[in-house]
Amino acid sequence: MDVPYYPTHEFGPLMKGLIIGGIGIVHVFLAQFAIGGGLLMCYFQWLAGSRGSQLARQFVDGYFKVLVLISFVVGAVTGVGLWLTSIQISPRTIGIMVDEFHWVWATEWTFFCLEIVAGYSFYRYSRILNDRNRLFLLATYSAAAWFSLFWINGILSWQLTPGEWVAERNVWAGFFNPSFLPSLIFRTVTSMVIAALVACIVINLIPDLSRSQREKLIAKAGHFTAPMVLMPLLGIWYMASIPADSRQWIMGGSVAMTMFFALGIGCSLLIGGYALFSLLRGGLYINVATATLLCLLGFLATAGGEFVREGVRKPYTIRTVLYSNSVTPDELAYLRRVGSVTNDPYPLLSSDEIPTDQLQLGAKVFRFQCSVCHTVQGANGLTHLTGTWTPMQLRLNVAQLQRTKPFMPPFAGTPEELEALAQWIEWHNSGSMDDWSAADSGASLTQIASWLDEVGTRPGIDLMNEPRVSGGAQ
Ligand code: HEC
């Protein structure tokens, strides 16, 4: 069996998942702004053309500058940043995505090109075009933007709900997976709301408008928040389409997930409530400060939602196919025999700071199997999590990692590797001294091997709902 290894990058005290998450959230927010913004401008350009509204036309020009500056520039920078970091953090996941969806990426890219060309043409020539041509360019821009969402959404939702693809390996079975449709519609609605909120800021910033002109424009932009009434239903549909254990994390199984989920819902409710009472009923004027605040709430809602979507996939990056640490379920039993880092060709960056061979082995095992979700002393740091444990407790809990927390993959190495990893964690727990003689753990390698055998190589989520055979190991 040929298990691939990739060079890995360290991000210090920042957990790798958080790096992708941070850039990803900004990127998703901007991308959704670009999509909703396109639709919103079509609407206003249509008003300009069919109703002869000079005001609407003035708004389109003002809004488009913001869209181009923010979403084209920052969107592109974060988009490339996302590729750069994700291939360093999880090259194997990206590899499988590119392999499976090669032509889908290509198609997505084509639409993205069309979006840029239509957008730039509008930016450059809108002043000399008539209303019909302006609408044509904007419609092309937004159709292209929405379709790039369509394509990328298939790939992202496939990661959590690969559905029939797992058995069939058919690209369309993977693309039109169970959560494809609810998440596509949900994202479209989100895009429209974000666009409306940004519109309220822009309307306040366009110079030389009277208060009543601004009010008129805000009332029109407010129409774009109306689809928010669908969100509860879409949310329920989406939740029904994801695996039961992922739902359990959200519903309290993982407090962090639950809190981020609540954050997403809370912020959406605040925006929805405000939109309902002010924008749609046309009663309140939204000034620039309020509009900015609402936009920030929209950003937090996006952050909450994306965090949860990424988080509930654990312990996988591609559900049932690839664990977050880039080991496949098929390879697990093999790696338990031959060792997870026996064939890892990449040297440790800081090997001269680690005093013994055994500790260096432990560091490599940590890097390969744990570092995607843990740091040593920073975010989700192992020293924080295990600082009070006895040596026996540490070995048992790592040997039966999927039982310790079912959102962790099973341990994928030999008993010797596990002992080395435990020594390495203990070495850190006791202050990383220059000399370290392997402390007696009280657990022999035979003991560790029997813990590993007892729990097996199946994922924890499979063990969750079945009765214990022998009442547990200890
Ligand atoms: C898919 C991501 C992921 C991987 C891979 C992973 N962990 Fe974890 N681990 C977590 C999360 C999330 C927690 C929960 C932290 C919390 O409860 O605050 C956790 C908790 C723990 C805990 C504390 C458990 C408890 O009950 O308090 C230990 C110990 C631990 N992990 C060790 C490891 C080791 C050792 C490895 C590598 C062999 C590893 N983990 C791999 C995500 C992961």
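Tutor: Helices α8 and α10 are roughly antiparallel to each other, because the angle between them is about 150 degrees; angles over 145 degrees count as roughly antiparallel, under 35 as roughly parallel, 65 to 115 as roughly perpendicular and the rest as oblique. Here α8 covers residues 180–205 and α10 residues 231–241, and their axes lie 9 Å apart. Helices are DSSP runs of H or I with at least four residues, numbered from the N terminus. Axes are lines fitted to C-alpha atoms over the stretch in contact, and angles run from 0 to 180 degrees between N-to-C directions. The model is predicted, so local features need pLDDT of at least 70 and side-chain atom pairs count only at pLDDT 80 or more, whereas totals for chains, interfaces and linings use all residues. Residues are numbered from 1 along each chain as its sequence is written.

The crossing of α8 and α10 is left-handed, that is, the near helix is turned anticlockwise from the far one by less than a right angle (clockwise would be right-handed). On the α8 side, the contact is made by Pro182, Ser183, Ile185, Phe186 and Val189, and on the α10 side by Met231, Leu234, Trp237, Tyr238 and Ser241. Two residues are in contact if their C-beta atoms, placed from the backbone, lie within 7 Å. The residues of this contact of α8 with α10 comprise 8 nonpolar, 2 polar and no charged; Ala, Val, Leu, Ile, Met, Phe, Trp, Tyr, Cys and Pro count as nonpolar, Asp, Glu, Lys and Arg as charged, and the others, Gly among them, as polar.

A second pair is formed by α1 (residues 16–50) and α5 (residues 131–160), which pack at about 160 degrees with axes 8 Å apart. These two helices are therefore also roughly antiparallel, and α1 passes α5 in a left-handed crossing. Their contact divides into 14 nonpolar, 4 polar and 3 charged residues.

As for the ligand, 22 residues surround it, the closest being Ser324, Gln369, Cys370, Cys373 and Leu385; a residue is near a molecule if its C-beta atom, placed from the backbone, lies within 6 Å of it. At least two residues of this shell come from each of α15 (357–370), α16 (382–386), α17 (391–399) and α18 (401–404). Helix α16 gives the most, with 3 residues. The shell around the ligand holds 12 nonpolar, 8 polar and 2 charged residues.
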